[in-house]
Amino acid sequence: MKKNVRKCMLVVLLVFTTVLSFGKVQKIRLVMQDYTPHNPVIVKHSEILEKEFYKATGIEIDLELVPVPRETYSQNLNLLIMSGDIPDIIWFRDDGDLLWAEQSLLTDLRPYVEKSEILQESMNSWNKERLENYPYILAIYPLNLKIGVTKMEWLEDLNIEIPENRPMTIDEYYEMLKKFTEKGQYGITVAGNPGGLTELDWIFSSAFGTEKMWVKDENGNYVFSHVTPMRKEQLAFYRKIYQEKILDPEFLTTNWQAKEDKFYSGRVGMIVGTSGVVIDLYADRTKKIGDGTTVIPLVPPSGPYGDAGFLAVNLYKEPRGFAIPVTSKVKDTAFKFLEFMASEQGQFLDWFGVEGIHYVKENGKIVKTQEEWWPFFFESTNWQSPIPLLGDAGKKSLEICNEYYVGDNYFPMPQEYATLWDAMNSIEREYSSKIVMGQFDIDKFDEFVEKWYKAGGETYTKLANEYFRSREGEQ
């Protein structure tokens, strides 16, 4: 009898403990650029996510937002992690995750994703390929490439005709940008800080045959594309449009906000932005605070060494996305939260924001307000929205990107050589910017190549060729 009583007590205790455990509020600390506790609207949105997550899963969470300054996000994120203050969900960008992955500090997410019907349905093919190659970053985005945009009224006022059945040539692009200076101050500006010439490269690299990281020489060896004669010609082209004041002379110190302001105010005819949602934001803001014109995305030019196309897409790993550190004590719940954000309800909340601020319901229909909002977590192309998510400009930009994108032959520099990679990049940025701005003669490019190889390029090229040959042997 006593034995049975003990068994009953044990069962009751186990059930009671399970209920307490299940009902316990789990704190999930999240760090993500722009999704910060300093913005009261973001805080309100995060509270809605907590409630809706509980309705969907029965798990009560306290979503704590960890603040990191936007302008120095990657740098300060590293300092945060090195201090031992490691959130449960970390949004990485610019390969800031590589160091932590190589130290086995990030969770392999493949087993989680394999068991998730939601993620299997919502992820794109390129997202799945990247996760298989590099299993530490979860992302669901369309091909958000950088694309050039201008204003339809500018084209009409300047009698510029965009060919309908083919891309423009590099010469035709040059003439278009030159004409833009007649209406505004400059033909094009870019956010040079901190990316240097990267936004220009998105548009012009394919025309010069440097869109991929590596190209083969006449002997079949892989060479870093930015030390080739084609890159020298590309920099010469940038130098030409800079000297002729077609390229904004302040491009190197211009940030994204100043770039956009110059476009809205009519000081430049073309800027470069991320396809999809961002291009729609450009279109909306131009109508609100600009000169009331229609924004249209542009197909990149063809050129002497290549067809029209964008800077090649890295299919090796996600350039930005979410990781879960192995140190997290709530890994399963952290993943369930990310999974929820890819679900029907999660995508609705991510895309539409806060009811009464970003959207209202009128006669049972969703109507977006004029308050700006964009999805912070995921952008599933497979989600069926109750209303169109993109305007004409955003949709057209994605169509162009899907048609003209190409996969990159990416080879990441191992983290043990990170200091070499930093030195090589520093040399390239210095020489490239000074050549473009006329501080160095174009022939200084050969000196750059020599310094680049000595700073670590020889090691990098050797490792890359070994890597590509091993992959070719596997095929």
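Mentor: Buried means a relative accessible area under 20%, exposed means over 50%, and partly exposed lies in between, with a 1.4 Å probe and protein chains only. The model is predicted, so local features need pLDDT of at least 70 and side-chain atom pairs count only at pLDDT 80 or more, while totals for chains, interfaces and linings use all residues. Residues are numbered from 1 along each chain as its sequence is written, and side-chain values use heavy atoms, leaving out hydrogens and water.

Trainee: Is Lys317 buried or exposed, and what is its relative accessible area?
Mentor: Lys317 sits in the loop between strand S9 (295–298) and strand S10 (320–323); helices (H or I, at least four residues) and strands (E, at least two) are DSSP runs numbered from the N terminus. Leaving aside neighbours within four places in sequence, Lys317 is in contact (heavy atoms within 4.5 Å) with Asp95, Asp97, Leu98, Arg130 and Tyr134. Lys317 is buried, because its relative accessible area is 0%.

Trainee: Which side chain is joined to that of Lys317 by a polar contact of 3.3 Å?
Mentor: A polar contact is a pair of N or O atoms within 3.5 Å; within protein, one must be able to donate a hydrogen and the other to accept it, and residues adjacent in sequence count only if both atoms are side-chain atoms. The side chain of Lys317 makes such a contact with the side chain of Asp95 at 3.0 Å. The contact of 3.3 Å joins the side chain of Lys317 to that of Asp97.

Trainee: In the sheet S2-S1-S3-S10, which strands stand at the edges?
Mentor: This open sheet has four strands with mixed pairing, where two strands pair if DSSP finds at least two bridges between them. One side of each edge strand is left without a neighbour in the sheet, because each has a single partner strand, and these edge strands are S2 (61–65) and S10.

Trainee: In S8, what is the bridge partner of Tyr186?
Mentor: S5 and strand S8 (residues 268–274) run parallel and are joined by two bridges. The partner of Tyr186 in S8 is Val268.

Trainee: Where helix H11 (residues 229–243) and helix H17 (residues 418–436) come within 8 Å, at what angle do their axes cross?
Mentor: Axes are lines fitted to C-alpha atoms, for helices over the stretch in contact, and angles run from 0 to 180 degrees between N-to-C directions. In this contact Arg231, Leu235, Tyr238, Arg239 and Tyr242 of H11 meet Glu428, Ser432, Ile435 and Val436 of H17. The axes of H11 and H17 cross at roughly 45°.

Trainee: What separates the C-alpha atoms of Ile427 and Lys451?
Mentor: Ile427 is placed in helix H17 and is buried, with a relative accessible area of 16%. Not counting residues up to four places away in sequence, Ile427 touches Phe448, Lys451 and Ala455. Ile427 and Lys451 are 24 residues apart along the chain, and their C-alpha atoms are separated by 7.5 Å.

Trainee: How many of the eleven residues of helix H14 (residues 331–341) are buried?
Mentor: Among the buried residues of H14 are Phe335, Leu338 and Glu339. H14 is largely enclosed by the rest of the structure, because the number of its eleven residues that are buried is eight.

Trainee: What value is phi of Asp94 near?
Mentor: Most residues other than glycine have a negative phi. Asp94 is placed in the loop between S3 and helix H4 (98–102) and is exposed, with a relative accessible area of 53%. Its phi is positive, in a residue other than glycine, and is near 55°.
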